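I opened my notebook to look through a structure step by step.

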Amino acid sequence: MVLTLASALVVLLTKNVLYAAFSLLGTFLGVSALYVLAGADFLAVAQILVYVGGVLVLLIFGVMLTNQQGNKSRGRNDITTESSNRVLGVFVMLGFSATLLYTFGRARFLTIQDNLFEAVEPTSTTQTIGVELMTNYVLPFEVSGILLMAVLIGAAYLSTKTKN
Amino acid sequence: MDNSFLPYYLLTSALLFSIGLALVVVKRNIIVVLMGIELMLNAVNVNLVAFSKNDPSLQGQIFSLFVIVVAACEAVIALAIVLKVYEHFKTVNLDEINELKK
């Protein structure tokens, strides 16, 4: 938890895009550790595979492909907005987090009584997820397959050079 | 079964979401804004997983799995668009990209 929040703060505070990408790695790994602690082992592995292995590599590729030399020579900070806007943004963030924390503090979650459910034995969640995906959630599963194919075609189309 | 772990997860996800929102609002580089969006999606996933811990049917985890899939799709398409924008405008500064067609 501390690792997750600390590296997310580094993403927010750093002025280097590549440092932000690398501390985002720490954030994703911390979130994956939180999943393991919550007993969601399949999701933790999926998080590492998709985010650390896919999204983060894509982001780093984006950073490298759009890096330009002129940033430093212009001598001004190109990553964050002007300080007035930055103060406004931090106010937005603080207000939003205060609202969220106030709401979470006011909420009274039901404590689950001991005999209400049979105890969930801490086994692997992979079998349950697989069975549920193939029975109750087969329609969203297929739709996400179609979405992935559309994204593949769209990305290939967008990233081809346009002939003028 | 105890719910004593729940406040820590809620705290973490609230702060992660706020940091992501601040990244989207404050930063001027498109790629850092995308990182903020990913952080917000991750915060939502943390909440889903935390609430589905005591649920034997694992609805929250399956929903979170679909959120991960859609987030990956969004990142791919957004980066393709960013590359096209960079090819067109020669910058990734959001303040300077203010025309649809040039």
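These entries go from one chain, to the contact of two chains, to single residues.

**Entry 1: the model**

I noted at the start that this is a predicted model.

Chain A has seven helices and zero strands. Along the sequence I read the pattern α-α-α-α-α-α-α. I then checked burial. Of the 164 residues in chain A, 21% are buried. I also looked at contacts in chain A between residues at least 6 apart in sequence, and 48% of these join residues at least 24 apart.

Next came the domains. Chain A is divided into domain 1, residues 1-68, and domain 2, residues 123-164. Taken over C-alpha atoms, the centres of these two domains of chain A are 21 Å apart.

**Entry 2: where the chains touch**

How many residues does the contact take from chain A and from chain B? I found 64 residues from chain A and 56 residues from chain B. On the side of chain A that touches chain B, the elements giving two or more residues are α1 (2-13), α2, α3 (41-65), α5 (83-106), α6 (126-134) and α7 (138-158) of chain A. The largest share of that side is 11 residues, and it comes from α3(A). By class, I noted 44 nonpolar, 17 polar and three charged residues there.

**Entry 3: α1 with α1**

I took the helix pairs one by one. The axes of α1(A) and α1(B) come within 10 Å and cross at roughly 10°. Angles under 35 degrees count as roughly parallel, so α1(A) and α1(B) are roughly parallel to each other. On the α1(A) side I listed Thr4(A), Leu5(A), Ala8(A), Leu9(A), Val11(A) and Leu12(A). They meet Thr12(B), Leu15(B), Leu16(B), Ile19(B), Ala22(B) and Leu23(B) in α1(B). This contact of α1(A) with α1(B) has 10 nonpolar, two polar and no charged residues.

**Entry 4: α2 with α2**

I noted the classes for α2(A) with α2(B): 12 nonpolar, two polar and no charged residues.

The axes of α7(A) and α3(B) come within 10 Å and cross at roughly 10°. That makes α7(A) roughly parallel to α3(B). Among the residues that meet are Pro140(A), Leu147(A) and Leu158(A) in α7(A), and Phe66(B), Cys73(B) and Lys84(B) in α3(B). The contact of α7(A) with α3(B) has 13 nonpolar, two polar and one charged residue.

**Entry 5: the core**

In soluble globular proteins, nonpolar side chains tend to be buried together. I looked up the nonpolar core here. The largest nonpolar core has 57 residues. Those with the most contacts inside this core are Leu23(B), Ile31(B) and Met35(B). At least two residues of this core come from each of α1, α2 and α3 of chain A, and from each of α1 (6-26), α2 and α3 (59-89) of chain B. The largest share, 12 residues, comes from α2(B).

Leaving out residues up to four places away in sequence, Ile31(B) touches Val17(A), Leu59(A), Gly62(A), Val63(A), Thr66(A), Val82(B) and Val92(B).

**Entry 6: two single residues**

Is Ala50(B) buried or exposed? Ala50(B) counts as buried because it has 24 C-beta neighbours inside 10 Å, and the cut-off for buried is 20 or more. Ala50(B) is in helix α2 of chain B. Beyond its neighbours within four places in sequence, Ala50(B) is in contact with Ala38(A), Leu6(B) and Tyr9(B). Ala50(B) and Leu6(B) are 44 residues apart in sequence, and their C-alpha atoms are 6.6 Å apart in space.

Tyr86(B) lies in helix α3 of chain B. With 19 C-beta neighbours inside 10 Å, Tyr86(B) counts as partly exposed. Beyond four places in sequence, Tyr86(B) is in contact with Thr66(A) and Val92(B). Thr66(A) is also on my list for Ile31(B).

Key:
Residues numbered from 1 in each chain as written. Chains lettered and ligands numbered in written order. Predicted model: local features only at pLDDT ≥ 70, side-chain atom pairs only at ≥ 80, totals over all residues. Nonpolar A, V, L, I, M, F, W, Y, C, P; charged D, E, K, R; others polar. Contact = placed C-beta atoms within 7 Å. Helix = DSSP H or I, 4+ residues; strand = E, 2+ residues; numbered from the N terminus. Core = buried A, V, L, I, M, F, W, Y, C linked by C-beta atoms within 7 Å. Buried ≥ 20, exposed ≤ 12 C-beta atoms within 10 Å, placed from the backbone. Domains from an automatic or database assignment. Axes fitted to C-alpha atoms, helices over the stretch in contact; angles between N-to-C directions. Parallel < 35°, antiparallel > 145°, perpendicular 65-115°, else oblique.
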